[in-house]
Amino acid sequence: MSAAASRPESPRGDSAQVEGLSDRDRRILALEGRTFRYVGAKERHIREQLGMTPTSYFVRLNALLDQPAALREAPAVVHRLRARRVSSHESAGDRSGDAPTGRVA
């Protein structure tokens, strides 16, 4: 029996990883480490390569930032995005007085 066949399936259909991150989660973190030169290129890549809508991508990315396994997988990316999330909290609180949402994008 192969290693891939012995992994349990997650509800999304991704193979669950022993470390707690699915293959899709790893690909999301890798994508966030890239830069894109053209407007819309990242969104097109999200749709074509990950098979997700940009909205569901950013919802999943935001959830990943709170997972220790994501921090172990891509510490620089997670720290950069957490810092962006914190700075948007501060600026959102200054402008509106409402509670910040805690979203990356």
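Trainee: What do the buried residues of α3 pack against?
Mentor: They pack against α2 (23-32) and α4 (54-64); contact here means heavy atoms within 4.5 Å. Helices are DSSP runs (H or I, at least four residues), numbered from the N terminus. Bear in mind that this is a predicted model, where local features need pLDDT of at least 70, side-chain atom pairs count only at pLDDT 80 or more, and totals for chains, interfaces and linings use all residues. Residues are numbered from 1 along each chain as its sequence is written, and side-chain values use heavy atoms, with hydrogens and water left out.

Trainee: And which residues of α3 are buried?
Mentor: In α3 (residues 41-50), Ala41, Lys42, Ile46 and Leu50 are buried. Buried means under 20% relative accessible area, exposed is over 50%, and partly exposed is in between (1.4 Å probe, protein chains only).

Trainee: Where do they sit around the axis?
Mentor: On the same side of α3, because they cover an arc of only 140°. That arc is taken from the directions from the helix axis to the C-beta atoms.

Trainee: OK, how do α3 and α4 cross?
Mentor: Their axes come within 9 Å and cross at roughly 85°, which makes α3 roughly perpendicular to α4. Axes are lines fitted to C-alpha atoms, for helices over the stretch in contact, with angles from 0 to 180 degrees between N-to-C directions. Under 35 degrees counts as roughly parallel, over 145 as roughly antiparallel, 65 to 115 as roughly perpendicular and the rest as oblique.

Trainee: Which residues make that contact?
Mentor: Lys42, Glu43, Ile46, Arg47 and Leu50 from α3, with Pro54, Tyr57 and Phe58 from α4.

Trainee: What about α2 and α4, how do their axes cross?
Mentor: At roughly 95°, coming within 10 Å, so α2 is roughly perpendicular to α4. On the α2 side the contact includes Ile28 and Leu29, and on the α4 side Tyr57 and Phe58 are among the residues.

Trainee: Switching topic: how many aromatic pairs does the structure hold?
Mentor: The structure holds 1. The ring centres of Tyr57 and Phe58 are 5.0 Å apart with planes at 85°, so the pair is edge-to-face. Rings of Phe, Tyr and Trp (its six-membered ring) pair if their centres lie within 6.5 Å; planes under 30 degrees apart are stacked, over 60 edge-to-face, and the rest tilted.

Trainee: Is Tyr57 buried or exposed?
Mentor: Tyr57 counts as buried, at 0% relative accessibility, while Phe58 is partly exposed, with a relative accessible area of 24%.

Definitions and conventions. Helices (H or I, at least four residues) and strands (E, at least two) are DSSP runs, numbered from the N terminus.
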